[in-house]
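Please look through the structure shown here with its charged side chains and its backbone angles in mind. The report that follows takes these two topics in turn.

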Amino acid sequence: MVKNFSQIKKQIQNLWNNFNKKAKIVIIVSALVTFIGMLLLAHWASKPEYMVLFNNLSMEDAGGIINSLDEKQITYQLKDNGSTILVPQKNVHKLRLDLASQGLPTGGNVGFEIFDRNQIGSTDFEQKVQFNRALSGELARTIKQLDNVLAANVRITPSESSIYKEQEEPAKASVVLKLKQYTKLTTKEVKSIANLVASSVNGLDPTRVTIVDTTGNLLSAKLKEDDEKADISDKLALQNKFEEAIEKDLNVMLTKVLGMGNFSLAVNATLNFDQRNIESKRYEPVVDDEGIIRSKQSKTESSQGMTTTPEGVPGTTSNLPQYKINNQDRTEHDKEEEIVNYEINEEVEKYVQAPGTLEKLSVAVTVDTPDGQLDAAKQEAITNLISAAVGYDVNRGDQITVIGMAFDNSLEEEVINAEASEAAKRRTILLSLLIGIAILIAVLLIVLYRKRRNEMGSEAEVGQNVDYLIDEAEEEFAVGDNLTSEERERQKLQNQLRNIIKDQPEEIAGLIKSWLSED
């Protein structure tokens, strides 16, 4: 074993001594570079790969997470001024679960975990404040999950009840958003945030949610503007659709009567988009003109008695008790009173007039005539035809106008001529290309044909030269009858070569050409 080792060592020394100085320097430098590279590779392989644990953290959340990592003695790295924390990749998922159990990160907002701590002696007012604070925090966390939102802050003002209706204050809310750079929220996203906040707060209307971003843009104003624009747009779309439907029907009808392109048509409709509620009441008797008796009340009075007619001299003398009254009359009184209530029919009709009713319709038709005049009978016939088709109503203020006029088709003719000229140019260019391609193909075919013919001529010439040389050799060796063994062997080889040339002339010609080119 030792002997073999010494032999190997001696061989290495001999090999090393055989190298010159330059080779020795190259070997030493290469060994050092390789050793240093292996050390760096080992260091890089042993270094843990860091991965983002959380990013876009607030200072409070970052501090809480770092304290937790220090307690667990886990290495970490900070980036983006401390808002991004990186940890070894193998620990990322476990740390996220552990920190989530501790309520980290909170997103800079306190949620319903605030009620995890029992607060003895807190008043109802304090409980309401804590509830609104927790609800605001939870809403902010939810809004922060949107793609383009980095941070969110929600403030809720609960409704204030009162015994007086006019003194009640409805609930309100405000949302402040920090958006990603170079991004904007769409109207749909803003509306979603407003409805999310309104659905989470009792008695809160989405229109009372104010949404702004950190640059001061009032995002919730888009909702009102878009609603108004959408309402106007819907009305215009409905009106245009109504006009297009009438115009389409009239086009079909007039095309059959006047022909294609012999008239122009325009329809203008005015629609009323006001919604009206109408209620009417009507009373009618049930039977004949009297009706059915619902209730009846009768009252009868009767009285009898004696009455004294005053007489005598006016004054105190005639009223003294010693004077006797002699005139007395008997009276009777009868009275009857009857109240009758009849049952009647009461009919209540409520009518809701839907928006979009037609208020006025105008139709204008221009007929192409060479002299610019339209026959009165034909004009009246076209007018009556259009009136019947569109449901003409004079009380509604509808208007139908039919006139004759010579159409100016100069622009149409110019367009047709320009298109024809352009088509002619395209045909000329295409024809030129086809001719050029045909000429090119013909030239290529001629060149290939000539090249092929030259190659065939050179091969035939080479074959003739070979035959000539062989014939000369045969004549040379056929001079004497008595040939030596060497001459006979040469003659045999000559015959074999001649046979090969006859069987494979192309291969022999190519071989000779290659020899000539090498010379």
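## Salt bridges and positive phi angles

Tyrosine 182 lies in the loop between β5 (172–179) and α6 (187–200), where helices (H or I, at least four residues) and strands (E, at least two) are DSSP runs that are numbered from the N terminus. This is a predicted model, in which local features need pLDDT of at least 70 and side-chain atom pairs count only at pLDDT 80 or more, while totals for chains, interfaces and linings use all residues. Residues are numbered from 1 along each chain as its sequence is written, and side-chain values use heavy atoms, with hydrogens and water left out.

Although tyrosine 182 is not a glycine, it has a positive phi of about 65°. Most residues other than glycine have a negative phi. Tyrosine 182 counts as exposed, at 78% relative accessibility; here buried means under 20% relative accessible area, exposed means over 50%, and partly exposed means in between (1.4 Å probe, protein chains only).

Glutamine 73 is not a glycine either, and its phi is positive, at about 55°. Glutamine 73 is placed in the loop between α3 (59–72) and β2 (77–79), and with 74% relative accessibility it counts as exposed.

The other topic is charge. Side chains of opposite charge can pair when their charged atoms come close. A salt bridge is a side-chain nitrogen of Lys or Arg within 4 Å of a carboxyl oxygen of Asp or Glu, and by this rule the count comes to 3 salt bridges.

| Salt bridge | N to O distance |
|---|---|
| lysine 94 and aspartate 98 | 3.2 Å |
| arginine 141 and glutamate 138 | 3.5 Å |
| arginine 396 and aspartate 398 | 2.5 Å |

Where do lysine 94 and aspartate 98 sit in helix α4 relative to one another? They are 4 residues apart in this helix (residues 92–101), and so they are separated by about one helical turn. Lysine 94 is exposed, at 58% relative accessibility, whereas aspartate 98 is partly exposed, at 21%.

Arginine 141 and glutamate 138 belong to helix α5 (residues 124–144), and because they are 3 residues apart there, about one helical turn separates them. Arginine 141 is partly exposed, with 23% relative accessibility, and glutamate 138 is partly exposed, with a relative accessible area of 24%.
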